[in-house]
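Work through the exercises below with the sequence and the 3D structure at hand. Each task is followed by a solution in steps.

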Amino acid sequence: MLQLSLKDIRLEQTPSNKQEAIRSIAADLTEKKLVKSGYVQGMLNREAQNSTFLGNGIAIPHGTIDTRDLVQETGVAVHHFPHGVGWGDGNTVYVAIGIAAKSDEHLGILKQLTKVLSADGVEERLKQAKQASEIVALLNGDVQFEAEFDASLIQLHFPASDMVQMSAVAGGLLKNTGCADSEFVAELVTKQPTHLGKGLWLVSSDKQVKRSGMSFVSTANDCEYQGITVKALIAIAACNAAHRGLLDKLSQLVFAQQQEKLLQADAGQLVALFTQESSSETPTQSEANRGESAIFKITNSHGLHARPGAMLVAEAKKFESNIKVSNLDGDGKSVNAKSLMKVIALGVKHGHQLQFTAEGPDAAQALESIGLAIKSGLGEH
């Protein structure tokens with residue numbers, strides 16, 4: 001995984017327009033001997049073909065496929081524009097991440113960066129940054145905006161005989177994913193959980209927590225704690241305010257007496273309930289059954305980098321329907337097909353299969369059009 005360092009960052013840059021910004025970034029890449037001098041024209045040509053603006057004040061200028069032979073080593077140059085640079089179509093960029101990539105390894109770079117930069121609040125923090133260390137921390141994901149919660153933090157139908165076992169498993173999940181250390185688990189099993197109703201319980205701790213996160217454990221056969229049924233336990237590891245969004249959603253469900261939504265959900269549905277993303281279900285599961293669904297293979301030789309990704313998103317935006325896409329050869333998580341950041345973050349390479357699900361009045365038409373666009377090469381064939 002790419003880890004940025006202080007030498008990758010240039011603060012307080014003040015180009016008058018995006019072309020000047022790109023030339024400056026290209027010069028930086030050249031000075032670092034990541035690319036040869038002619039790479040700048042490839043970067044300008046790429047920008048002319050399709051904007052590299054991702055959203056949230058972020059752009060990722062990079063070269064065209066035919067200038068990849070000018071790349072000597074994969075790397076990045078990050079330029080910071082505290083006053084903003086117009087990037088076309090009314091968009092303003094505060095941080096541009098110039099990318100030099102020899103092959104499709106840049107998809108991994110994009111996947112990491114877009115996941116970090118898609119979090120709420122990152123843009124303003126980047127805009128206001130005064131030190132390179134602040135930007136490095138933000139781009140490397142060291143500053144947490146959203147608490148950890150995914151399928152790796154879920155254990156369904158565990159054969160627990162008491163609450164101590166439930167707490168140990170819930171704490172172990174958070175420890176195994178790097179959110180907390182052993183002392184966190186030890187404290188969790190000694191704490192008295194709170195009953196949220198209908199067999200759903202909550203326990204939390206801030207002891208030896210590295211990153212805020214949440215785990216969910218349900219029982220195979222209901223056990224009891226203090227004479228009350230235990231169907232599931234939610235554990236919170238907290239070291240900052242990142243977990244508050246998850247607690248807010250939990251509070252809303254409990255207030256509406258909808259605990260059953262959590263108790264009856266599978267792992268993908270649980271993630272969806274708390275993250276507001278569609279679940280990571282496969283085409284044979286319930287999400288596909290709720291709308292039109294189709295699978296298409298990406299034939300672009302370098303996968304879905306910025307240009308074909310933008311073409312795909314533009315095609316999806318033509319339709320009213322809600323369209324989700326997942327990379328069946330990746331983590332399988334469904335994201336909004338109308339968000340370039342989310343689509344690029346899927347890390348789609350040549351030959352990967354994408355699952356599209358559309359719900360709405362023009363769902364079938366949308367999938368047909370997307371399929372044709374992918375077949376035609378998304379502007380590259």
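The exercises cover confidence, domains, a sheet, aromatic pairs, cysteines and single residues.

This is a predicted model, in which local features need pLDDT of at least 70 and side-chain atom pairs count only at pLDDT 80 or more, while totals for chains, interfaces and linings use all residues. Residues are numbered from 1 along each chain as its sequence is written, and side-chain values use heavy atoms, with hydrogens and water left out.

**Exercise 1. Confidence**

Find which elements of the protein chain have the lowest and the highest mean pLDDT.

Solution. pLDDT is the predictor's confidence in each residue, from 0 to 100. Next, go to the elements; helices (H or I, at least four residues) and strands (E, at least two) are DSSP runs, numbered from the N terminus. The lowest mean, 42, belongs to helix α11 (residues 286–289), and the highest, 97, to helix α1 (residues 18–31). Finally, look at residues 277–289, where pLDDT stays under 50. For this stretch the model has 38 contacts beyond four places in sequence, a contact being heavy atoms within 4.5 Å.

**Exercise 2. Domains**

State how the protein chain is divided into domains.

Solution. Domain bounds come from an automatic or database domain assignment. That assignment gives domain 1 (6–140), domain 2 (151–275) and domain 3 (292–376). Taken over C-alpha atoms, the centres of domain 1 and domain 2 are 39 Å apart.

**Exercise 3. A sheet of four strands**

Give the strand order of the open sheet of four strands, and say which strands are at its edges.

Solution. Two strands pair if DSSP finds at least two bridges between them. The order is β11-β14-β12-β13, and the pairing is antiparallel. β11 and β13 (335–336) are the edge strands, since each pairs on one side only. Inside the sheet, six bridges join β12 (residues 322–327) to β14. Among the residues involved, Lys324 has Thr357 in β14 as its bridge partner.

**Exercise 4. Aromatic pairs**

Count the aromatic pairs and describe the one formed by Phe149 and Phe274.

Solution. Rings of Phe, Tyr and Trp (its six-membered ring) pair if their centres lie within 6.5 Å; planes under 30 degrees apart count as stacked, over 60 as edge-to-face and the rest as tilted. By this rule there are three aromatic pairs. Phe149 and Phe274 are 5.4 Å apart centre to centre with 80° between the planes, an edge-to-face pair. Phe149 is in the loop between α5 (132–139) and β6 (154–158) and Phe274 in helix α10 (residues 267–275), so this pair links parts of the chain 125 residues apart. For burial, the scale is: buried under 20% relative accessible area, exposed over 50%, partly exposed in between (1.4 Å probe, protein chains only). Phe149 is buried at 7%, and Phe274 is buried at 2%.

Another pair, Phe296 with Phe356, is tilted, at 5.8 Å centre to centre and 50° between the planes. Because Phe296 lies in strand β11 (residues 292–297) and Phe356 in strand β14 (residues 353–359), the pair ties together parts 60 residues apart in sequence. Phe296 is buried at 18% and Phe356 at 0%.

**Exercise 5. Cysteines**

Determine how many disulfides the model has.

Solution. A disulfide is a pair of cysteine sulfur atoms within 2.5 Å. The count by this rule is zero. For Cys239, the nearest cysteine sulfur is that of Cys179, 8.3 Å away. Cys239 is partly exposed, at 39% relative accessibility, whereas Cys223 is buried at 8%.

**Exercise 6. Single residues**

Solution. Beyond four places in sequence, its contacts include Leu153, Cys179 and Phe184. Leaving aside neighbours within four places in sequence, His243 touches Ala147, Ser212, Ile236 and Ala238. Lys33 has a positive phi of about 65° although it is not a glycine.
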